[in-house]
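Subject: Model for your files

Hello,

Here is the structure I said I would pass on. Please keep it with the notes below.

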Amino acid sequence: MTRLAASIFALIASATLASSQEVTIRSGEHDGYTRLVFTVPPNTDWVVKHRKGGARLMVDLDNVTYKTGGVFSRLTTNRLASLSQKQPGDGLELDFGCECVASAFLYRDSMIVLDIAPGAILPPLLTNIPPPRSVPERDLSSRPNPPEAIELPSLPLGGQSFKDQLSTRLLQGADRDVLDLNLATIGPRRRPELQALPLTGGLNSNVELSTALDELNALLGSEFPQIEAKPACFTSVELGFETWADDRPFQDQVAQLRVELFQEFDRLDADRALALSKLYAYYGFGAESLQMLGLSGLQSDETQQVAAIANIVDDQPFPQRSPFHGLQRCDSDAALWAALAERKLTADARVEAIEQSFVRLPDHLRRSLGPRLSSILVDAEQLEAARRVLRSVERVEPETTPSLSNAKAEVAYAEGDGPSEESHLSEVIKAPEASTEAPLALARLVEKRWNDRGAVSLQELDLAAAYAIEYRQTEIGPMMARTHVVALGLMQEFEQAFELIDTLPDSAEEPVVLDRHLQLLAERADDLTFLRQSLSLSQPQKDAASTDTAIALSKRLTKLGFGTQAAALANRGEDRARRAERALLRAQAALQVGRPYQAVLELADDPSDAANALRIEAMIASRDFANAAALLQEAGDVQAANRYYWLANLPGRADVDSNGKFAELNATTQALADAPERIEDKPLANAVNLLDESAQTRARIAALLEIVETE
């Protein structure tokens, strides 16, 4: 009896399972929305109903069950909180973790695509819309019968067959985690035009040659959207960095793993080798970790992550792309390692997740990686986050180290706090334990003094000279040579600095060093030193100078009276910066060499006051007093304008009503130039008038001579 009951129960269970239908769910994260894809048989009815805080999906399948096991392994946000189904055949309940809405559409007749995105549920449409107006039926009996349709034979390998086969392959790739379904939303799609092949001779014009591959390319471009390749995020638990070591002392853990590393017959235990590699990476021994990893011979995603972290802790470049590439957008430890590996923040980086992961690091890694992470955050203008990282390092660092002081100096520089930056850089330079940090800090300190046009101390100059010799064969050798030359210029040791520039190797640093030296030379050197070095420059050196440097040299040469050399520096045809200022310099140089007309031409397009002053000076030099007086009158200098009107013998244009001797000179000159009044019909009166005019003329001439003598 018991066997019979068990058999009946098994038959009932197998029948129930046979009648139930399973729906596979695939998931994926995208920018702005979470996507779920449900695979259903073709022509299956379905509906999505919204409710507060979630939605319900109902599919018209008997005893339907949903496979939700691997949904949350690909999700990194909380837009979807949970999935549940009370019993087979019921709808699938979706609970949202945010204020979101769900939108769904059917893709390729066998996939229900449901997107969860932030938003609010729209109110229902109005139901009191009037029905459409009825249109009376028309009598179509009199219309001619339409022509019969031409029946074409259907091809067994048409476009629909290709679509079905390709859809099946894509679903298989998604099941094997080779592809990630990233389907486009409903909307018009632009179909790429097929490029027709050239017709061979003898064919009719309505014949087009194509192949099945051409049709397949068009199918791929039109029906299936481009899938954006983004690596999938993995959780901190999946990485398991905190489990790579335990609470025992480091030497005890290493001893145990080394004892268990080799088994019987000296066979290497690959798992123990991997565990030892993780332990070395956890404690900051990157080279040892990589050596042990290579000894294990294992190749997997896990070993790639261990190798990447080993390179990060030793600050070594990656031989190939990091496995953390593109994962700064994740809410896990992967974001921190991705930022350290890529050495810069991306636009989608989750700064909060990076900070939280950094705080969970062991103390020794926070000390070594903190300054590096702070520098990355400063470059991305995340100053508050950089300060929090440094404060976290200070909590576990008993004494201030050179790397920490250097990181503080970077934050101070980004904030524009010059005194704090200089103080932190001085701490690094004076620290006895500083190795490579000290020369780099000195280079940054000299750079700051250069920007501020300050000065360096004798001790800093001696350090710059020592570092330039010590590191001349290293990567920072050119930087230290530049620092030494600039420090000499700031100390006004121009002769020694100029000699060192000639000994520099040909590199990208040489024009920068020479340019900065010439700027300091123009600003601080005495006249003799300035002329000796500036006039001895070769043409390639002049051409390599920046616009600011060329202008500074030209101004100093113009001031010293070397107009030809000043004009050459200000007249560089390939230079497009500060044109008006360079035109003024060329005009000044032209005036110095006695070419006033050239000066006027240089100032033709400049209406500024400085250009007008030079223009007036050039017109006076060319004895064009009339135009010079007109410009002076426009500028409001009436006294000077009256003077040059008098010199131009144009007293009628002068302002005789103003005060000043040139107003009187112009009035007297104009009066002398006027013809005396004649009385033709009265000879006696005319003679008396002539005598009066003669007396007035003599008085005016005497007054004119008196004014001229005082001038």
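The notes below go from the chain as a whole to single sites.

This is a predicted model, in which local features need pLDDT of at least 70, side-chain atom pairs count only at pLDDT 80 or more, and totals for chains, interfaces and linings use all residues. Residues are numbered from 1 along each chain as its sequence is written, and side-chain values use heavy atoms, with hydrogens and water left out.

Overall

The chain has 30 helices and 9 strands, taken as DSSP runs numbered from the N terminus (helices H or I, at least four residues; strands E, at least two). Of its 711 residues, 38% are buried. Buried means under 20% relative accessible area, exposed over 50%, and partly exposed in between, with a 1.4 Å probe and protein chains only. Among contacts (heavy atoms within 4.5 Å) between residues at least 6 apart in sequence, 54% join residues at least 24 apart.

Aromatic rings

There are 11 aromatic pairs in the structure. The rings of Y280 and F285 form an edge-to-face pair, because their planes are at 80° with the centres 6.4 Å apart. For a pair, rings of Phe, Tyr and Trp (its six-membered ring) need centres within 6.5 Å; planes under 30 degrees apart count as stacked, over 60 as edge-to-face and the rest as tilted. Y280 is buried at 11% relative accessible area, whereas F285 is partly exposed at 34%. Both belong to a cluster linked by ring pairs, together with F241, W244, F250, Y282, Y283 and W337.

Two arginines have the charged end over a ring: R453 over W450, 3.9 Å from the ring centre, and R556 over F530, 4.6 Å from the ring centre. The test is NZ of Lys or CZ of Arg within 6 Å of the ring centre and within 35 degrees of the ring normal.

The second largest pocket

This pocket holds about 1300 Å³ of space. Its lining has 33 residues, with S375, N406, E410, E437 and L440 nearest the centre. Two or more lining residues come from each of α11 (363–379), α13 (402–415), α15 (437–452) and α17 (477–490). By class, the lining has 11 nonpolar, 7 polar and 15 charged residues. Here Ala, Val, Leu, Ile, Met, Phe, Trp, Tyr, Cys and Pro count as nonpolar, Asp, Glu, Lys and Arg as charged, and the others, Gly among them, as polar.

A pocket is an open set of points on a 1 Å grid over the protein atoms alone, with protein on both sides within 12 Å along at least five of seven lines; lining residues have an atom within 4 Å of a point. Points are joined across faces, edges and corners, and the volume is the space filled by probe spheres set on them.

Backbone and single sites

Most residues other than glycine have a negative phi. N63, in the loop between β4 (54–59) and β5 (64–67), has a positive phi near 50° and is partly exposed at 33%. R623, in the loop between α26 (609–621) and α27 (625–635), has a positive phi near 60° and is exposed at 63%. In α27 the buried residues are F625, A626, A628, A629, L631 and L632.

T549 lies in helix α22 (residues 547–559) and is buried, with a relative accessible area of 0%. Apart from neighbours within four places in sequence, T549 contacts D515, L518 and Q519.

Regards

Conventions: On a 1 Å grid over the protein atoms alone, a cavity is a set of points where a 1.4 Å probe fits but cannot get out, and a pocket is an open set with protein on both sides within 12 Å along at least five of seven lines; lining residues have an atom within 4 Å of a point.
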